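Welcome, and thanks for opening the viewer. Could you walk me through this model, telling me what to select at each stop and what to look for there?

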Amino acid sequence: MAADDAYARLAGTLERIRHASGCARLTDVLDAQGLSLETGIPEPAVRTLLAGGRAETIPVAQRVRQRLDFLRETRRRDDGKRYTLEEIAAAAGVTRQTMSEWRKKGMPSLESADRLRRFFLLPPGFFFADEPEALHEALQQRLHELEYKSDPLGQLRTPEILRLAARGFVSPSGVRAMAQWAEAVTRPGEADAASQDHASQDHKERVP
């Protein structure tokens, strides 16, 4: 049931991205390779998930070992070389022998996994989250950006304006001015006219 819930959440996110982007094929608007690097999910599996398919179900310990190997293959030091097992082990706070054992069997403790996550600036759940859950989380920022860009009034929904509206501090003239401004935003060239109308209305209401 947990896996079904994760796939359902991912499907909802993918549908919102389709709607916000206006693009039916998600690989046209999403970088599968970048998502793979971020989540530790192999790129073919990312593409399968974006197409609505399901990833292969594997035990947690095997998934963690795969992502440890993926981490070593994809992350590079400042000089462009791969991290050695000794360097990765030191980042995890364990010995090289322990690291080697993890790669063959077993898995790191939560504390060691978190040390690695912070050292390599990985997202939460990088080692343990299953594929649909990891991809769902990675897509949230992209979804937010796409929905913001697709909403011409998104810039008006600032915390300040929402807070004033919730408290009832916006006067009727203010509401009219905001409506004129919102319309001007979607019609280039009319912003100045809306501002002038607002100033004129405010002047009339202040005159006794």
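**Stop one: an aromatic cluster**

Select phenylalanine 119 to begin: with a relative accessibility of 45%, this residue counts as partly exposed. Keep in mind that you are looking at a predicted model.

The rings of phenylalanine 119 and phenylalanine 120 make an edge-to-face pair, 4.9 Å from centre to centre and with 80° between the planes.

Next, bring in tyrosine 83, which counts as buried at 17% relative accessibility. Ring pairs join Tyr83, Phe119 and Phe120 into a cluster. By the ring-pair rule, the count is four aromatic pairs. One of them is tyrosine 83 with phenylalanine 120: the ring centres are 5.0 Å apart and the planes meet at 85°, so this pair is edge-to-face. It links distant parts of the chain, 37 residues apart: tyrosine 83 is in the loop between α4 and α5, and phenylalanine 120 is in the loop between α7 and α8.

**Stop two: helix α5**

Select residues 85-92, helix α5, and colour Leu85, Ile88, Ala89, Ala91 and Ala92, which are buried. They span an arc of only 160° around the axis, which places them on the same side of α5. Show α4 (60-74), α6 (96-104) and α7 (110-119) too: the buried residues of α5 pack against these helices. After α5 comes glycine 93, with a positive phi near 80°.

**Last stop: a charge over a ring**

Finally, select arginine 54 and tyrosine 7: the charged end of arginine 54 sits over the tyrosine 7 ring, 4.1 Å from the ring centre.

Definitions and conventions:
Residues numbered from 1 in each chain as written. Predicted model: local features only at pLDDT ≥ 70, side-chain atom pairs only at ≥ 80, totals over all residues. Heavy atoms only, no water. Buried < 20%, exposed > 50% of the residue type's maximum accessible area, 1.4 Å probe, protein only. Helix = DSSP H or I, 4+ residues; strand = E, 2+ residues; numbered from the N terminus. Arc of directions from axis to C-beta. Contact = heavy atoms within 4.5 Å. Phe/Tyr/Trp six-rings, centres within 6.5 Å; stacked < 30°, edge-to-face > 60°. Lys NZ or Arg CZ within 6 Å of the ring centre and 35° of its normal.
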